[in-house]
Amino acid sequence: MGKFRVVTALVLLCGNAGAGEFDFSFNQDALRFLYVHDFAESDLKADVGLALNSDEGTVINASLFVAGLASDGTDPLEAGLGARTGYVDGERSKQSGVPVAVGGFVKYTFPAMNRLSLRAEGWIAPDVLTLGELDRYQDFTVRLQYGVLKQADLYVGARYLNTEFANGSRALIDNGLNIGFNIRF
């Protein structure tokens, strides 16, 4: 229950005027909630999230990044770059730690089918960027999404969320295909 309080507190800290989005995805073994806050009149964004695998462990994350158009013209490429931290709890390993990951995303919207886009995201923290018993944090996602409404997408994707600890154990939170939706408000 304490993990959910942390996520709730982080969401409330992002409560300035501005827009946001809610993202939810799942597969047979894992699920992920993500709230993204878009600060008004700025390219600055923040997110808080929870990834959960009842057998492997839990990752609570918070990110701060800049995002915007990375190309000109009629087929814009969006991109973001920043840092992510949080708390990793390895269920089986009984190990925990804090990553200070760097990374970002790119999103390409197909010009001929402006409702269809491809998004890739990656965050990594090697040993030098981890605290506690955590030695490595890797979070990679790729997804194909379709805009069913102006403010809502459905998607199918793949995620690899892996953590490794000092005692040689690891918590593979997510490794496989997932389905989900994204709502912007």
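**Entry 1**

The model I consulted is predicted, with local features requiring pLDDT of at least 70 and side-chain atom pairs pLDDT 80 or more, while totals for chains, interfaces and linings use all residues. Residues are numbered from 1 along each chain as its sequence is written, and side-chain values use heavy atoms, with hydrogens and water left out.

I took strands as DSSP runs (E, at least two residues), numbered from the N terminus, and I counted two strands as paired if DSSP finds at least two bridges between them. S3 and S4 run antiparallel and are joined by ten bridges; three residues separate them in a hairpin. On S2 (residues 31–39), I noted antiparallel pairing with S3 over eight bridges. Within that pairing, Tyr 35 has Val 48 of S3 as its bridge partner. The hairpin of S2 and S3 has four residues between the strands, and Glu 41 there takes a positive phi near 55°.

I then looked up burial (buried is under 20% relative accessible area, exposed over 50%, partly exposed in between, with a 1.4 Å probe and protein chains only). S3 is largely enclosed by the rest of the structure, because eight of its ten residues are buried.

**Entry 2: salt bridges**

I used the term for a side-chain nitrogen of Lys or Arg within 4 Å of a carboxyl oxygen of Asp or Glu. The structure holds twelve salt bridges.

I examined Arg 84 and Asp 47, whose side chains meet in a salt bridge at 3.3 Å, N to O. Arg 84 lies in strand S5 (residues 77–90) and Asp 47 in S3 (residues 44–53), so the pair ties together parts 37 residues apart in sequence. Both residues, Arg 84 and Asp 47, are buried.

I next recorded a salt bridge between Glu 56 and Arg 92 (3.2 Å, N to O). Glu 56 is in the loop between S3 and S4 and Arg 92 in the loop between S5 and S6, so this pair connects parts 36 residues apart in sequence. Glu 56 counts as buried at 15% relative accessibility, whereas Arg 92 is exposed at 58%. I also traced one network, in which salt bridges that share partners join Arg 32, Asp 47, Arg 84, Arg 119, Glu 121 and Asp 139.

Lastly, I noted the salt bridge of Lys 45 with Asp 38, the closest N and O atoms being 3.9 Å apart. Asp 38 is partly exposed, at 24% relative accessibility.
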